[in-house]
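Good morning, everyone, and thank you for making time for this. I would like to walk you through one model, going slowly enough that you can follow each part on the screen.

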Amino acid sequence: MSRILLALATIVIVALAGRAALAQGVVFANSDPLVTIHSNFTGQTMTLFGNVEAGQGGVPATGAYDIIVLVRGPASDRIVRGRERQFGIMLNTSEAVYRRLPGYYAVISSRPLETILAETVDADPQLSLAGLVAQTRQGGAADDGLDAELIRLMSEAGLFIESGRGVSFLSNTTFATRLPLPSSVPNGLFVARAIVVANGEIVSENITSFTVRTEGFERFVARAARNNPLLYGLATVLLALATGWMGGVLFKR
Amino acid sequence: MPIYLPIAELSVDLFFLIGIGAAIGFISGLFGVGGGFLLTPLLLFSGVPAPVAVASVTGQVVASSTSGAISYFRRGAIDLKLGAYLVGGGILGSFAGVWIFGLLRALGQLDLFISLGYLIFLGSIGSLMMAESVRSLLRSRKAGPPPPRRLPGQHSRLQTLPLRVRFKKSKLYISVLPVMGIGFAIGIIGALLGIGGGFILVPALVYILRVPGSVVIGTSLLHLLAVMAMTCMLHAIQSQSVDILLAFCLMVGSVAGAQFGASAGQHLKGDQLRALLALIVLGVALRFALTLFLPPADPFSMSIVGFGEGA
């Protein structure tokens, strides 16, 4: 048993060391490690920024590189349904289930991906919304157009973002990007990844994370609904009765 | 002014919520219906996820029917005994309805069944009520005496059933079986279609049980209050999708609206009231007909699985 643990620990340490070596070439951070949602929350724009340590980890010191920022929000299962007219009435004719699809996903780069990445790298499903969606689809990829509809619906809700010109360079080595979070942003942990690309290859990367969560009264309500559903339901009904009664008293005529 | 809803996880304009709450509350107080069948689509339109909208509206219906019921109670326009029997049947019915709901979902095309159910149900009830109230409106315009309220055939058939109970307020001496039967049927329909069923209960009380118009609406509101309070609890426990903040914003508007509705109802004649209710019922039926036969603006929809709704 202890030998297995030791082996596991070694693997973890080696993996961490490898990650650190890779991460050396870029520093990445964000403006709001905790995005709190108050009663007047209508969405927020946050800034992700970083600095490339040029000359390290294969990054050319000349500044001839590009940045890709990937942001992944908490996942949930989603279902897309298509309706069609059959026998004169509208029926649900097609549907697709997406398992553990991020409730928020952004692919933002300093230049369009196809111009900065070699073809082999560009095939990574994490690097495009289409790839991500196809990957999470249950029962494998299918060519029925539902993937595209999911991307369209998510993009309209502001939950999927794909931008080929969203990362700007403030100097030769410093970059920043603005990330709009809509009011319907899912609550939970977000992980952002900055990828440094030079000559079509990924040469360095680093991550930063932030949390979106409700605060104060909203947090209390959300937790009560999940942890004490019976009391919560009772409270709702009592509140309804009290409000109804108050209305009856106030508007007595 | 936007307000963030912690369970729905998005923000909606506060005045929009209070406004639609007030409008629905007015209708609720006027006709003794819950108004959930009108409110839920409005919430869906503003982006609230369907399970949250359906569950939170139950809380709002409790508030608006409490407000209306108190106002009717003060005028002595509620038959508490009749209401108790209806609620008894209704609670049994809603358990049966939840069971049938699961059965239909397993068979697939639940959506279609719900839309067709709404259409057939509302269409037939609405047109029957419309025809009847127009006829009685025309008759009263000709200044004749009001027609006899009791159809002899139906009345005697109800009287032959056992377990007869005297309902003093309603001036009825009838068997409890049809009373609980109506409660049971509406409980099933309510659970299946996700509605309180007030707009079915009101005509059922008027035409089947021949309950006098003065106590129909108050009693219907009492029934709604009890059944929806239970449904709200079930939603809170089962799907945890009741948004108390959303429900509260709707309540504030609707209790005010319900008071005005209830007092406006006093100035309308019974047959006028029934004609208006018939119009609303037909309007909702038309809406379902449109969703059944016309392609929607966006044929594709997306929802989160496991949030109050099974896969």
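Before we look at the inside, we need one term: a nonpolar core is a set of buried Ala, Val, Leu, Ile, Met, Phe, Trp, Tyr and Cys residues joined through C-beta atoms within 7 Å. Please also keep in mind that what you see is a predicted model.

With that term in hand, the largest nonpolar core here has 156 residues, and the residues with the most contacts inside it are A:Val69 and B:Val202. Helix 9 of chain B, residues 213–238, gives the most to this core, with 15 residues.

Let us stay with B:Val202 for a moment and ask which residues it touches, leaving aside those up to four places away in sequence. They are B:Phe31, B:Gly32, B:Val33, B:Val216, B:Ile217, B:Ser220 and B:Leu277. B:Val202 is itself one of the buried residues of helix 8 of chain B, a helix that spans residues 198–207 and is mostly covered, with nine of its ten residues buried.

Now to the place where the chains meet: 54 residues of chain A are in contact with 51 residues of chain B. On the chain A side, strand 5 (75–86), strand 6 (89–102), helix 5 (146–156), helix 6 (217–227) and helix 7 (229–250) each supply at least two of the touching residues, and the largest share, 17 residues, comes from helix 7. If we sort this side of chain A by class, we find 26 nonpolar, 18 polar and ten charged residues.

For residues 230–251 of chain A, an unreviewed UniProt entry carries the annotation "transmembrane region". In the model, the chain over residues 230–251 is 95% helix and 0% strand, and its end C-alpha atoms are 32 Å apart.

If you look for A:Ile79, you will find it opposite B:Ser303 in strand 5 of chain B.

Finally, within chain B, strand 3 (residues 164–167) and strand 4 (residues 172–175) pair in the antiparallel sense over four bridges, and the bridge partner of B:Arg164 in strand 4 is B:Ser175. The hairpin of these two strands has four residues between them, and there B:Lys171 takes a positive phi near 55°.

How values were computed:
Residues numbered from 1 in each chain as written. Chains lettered and ligands numbered in written order. Predicted model: local features only at pLDDT ≥ 70, side-chain atom pairs only at ≥ 80, totals over all residues. UniProt positions renumbered as here; feature names shortened; annotations may be inferred. Contact = placed C-beta atoms within 7 Å. Nonpolar A, V, L, I, M, F, W, Y, C, P; charged D, E, K, R; others polar. Pairing = 2+ DSSP bridges. Buried ≥ 20, exposed ≤ 12 C-beta atoms within 10 Å, placed from the backbone.
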